[in-house]
Amino acid sequence: MSTYTEDNRKVTTHRLIEMKQRGEKISMLTAYDYSMASIIDQAGMDVILVGDSASNVMVGNITTLPMTLDQMIYHGQSVVHGVKRALVVIDMPFGTVSGNPLNSLEYAIRMMKETGADALKIEGGEEIIADIKKIIDAGIPVMGHLGLMPQSINKYGTYNVRAKGEEEAAKLIKDALLLQEIGCFGMVLEKIPAALTKEVTSKVSIPTIGIGAGPHADGQVLVMHDMLGINKNFSPKFLRRYADLHTAITEAVQGYIKDVKSADFPNENESY
Ligand code: KIV
């Protein structure tokens, strides 16, 4: 099967910026393991995110907060082994970037050294800007993440749309400009009004990647389990499902159970 793109060059942070400049949309999807990462890479994805949503879809936690540095490193290593072309970005987990730049840099270096990922993603703006700058100054590319920041769910209390009011929208724009100023190569904008995404995207020269943020971002990201329909219980308005793997997997597993129970499997051709 051919890939969406014929361009097999490795995607770099610089190429993402060039894509924004020529108006080419950026595709981004999460992955957490070798096998899925290699399928997604070969399909032609531009960016693969080892998201801390692994906490929800791989571990079964309710929030992303319990994810540890060691768990993220394990997922990061697995994904990197499967990827040749896409840019691999990995989330810094909750508590590793929280206002102590030297500690944050130490964790960031561990993530880069032990996973082989190309870049890090960090949730937050002005409050942790010194931490992000320290990491970038050490030569590590960083993608920001503004709007709904799931690591702050206990502060917000809900997963509702963020920055609908003037004050929060103004802070988001200020944070976006700050992230650009200190050298971030891009930023995720999560669950904010489409008009605000449009404004931010026109104000910054680095790519914005939206999730639940409307059509005006420079690219889009989704959680792999949601868009493949593995996860049936999560149906926000912004989600488009491209498959129903929950049904497909259930039917395949039930077919196998039936064949084992009826002694139809294995047959002579499947035996030594
Ligand atoms: O962890 C994650 O999967 C993310 C995306 C939702 C952007 O941060």
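Modeller: Buried means under 20% relative accessible area, exposed over 50%, and partly exposed in between (1.4 Å probe, protein chains only). Helices (H or I, at least four residues) and strands (E, at least two) are DSSP runs, numbered from the N terminus. This is a predicted model: local features need pLDDT of at least 70, side-chain atom pairs count only at pLDDT 80 or more, and totals for chains, interfaces and linings use all residues. Residues are numbered from 1 along each chain as its sequence is written, and side-chain values use heavy atoms, with hydrogens and water left out.

Colleague: Which residues of α1 are buried?

Modeller: Thr13, Arg15, Leu16, Met19 and Lys20. They lie on the same side of α1 because their arc around the axis (taken from the directions from the axis to the C-beta atoms) is only 160°.

Colleague: And what is exposed on the face turned away?

Modeller: His14 and Gln21.

Colleague: What do the buried ones pack against?

Modeller: β1, β2 (47–50), β3 (87–91) and α9 (194–203), with contact meaning heavy atoms within 4.5 Å.

Colleague: What follows α1?

Modeller: Glycine 23, with a positive phi, near 75°.

Colleague: New topic. Which strand gives the most to the lining of the largest pocket?

Modeller: β1, with four residues. α1 (13–21), β1 (26–30) and β8 (219–222) each supply at least two.
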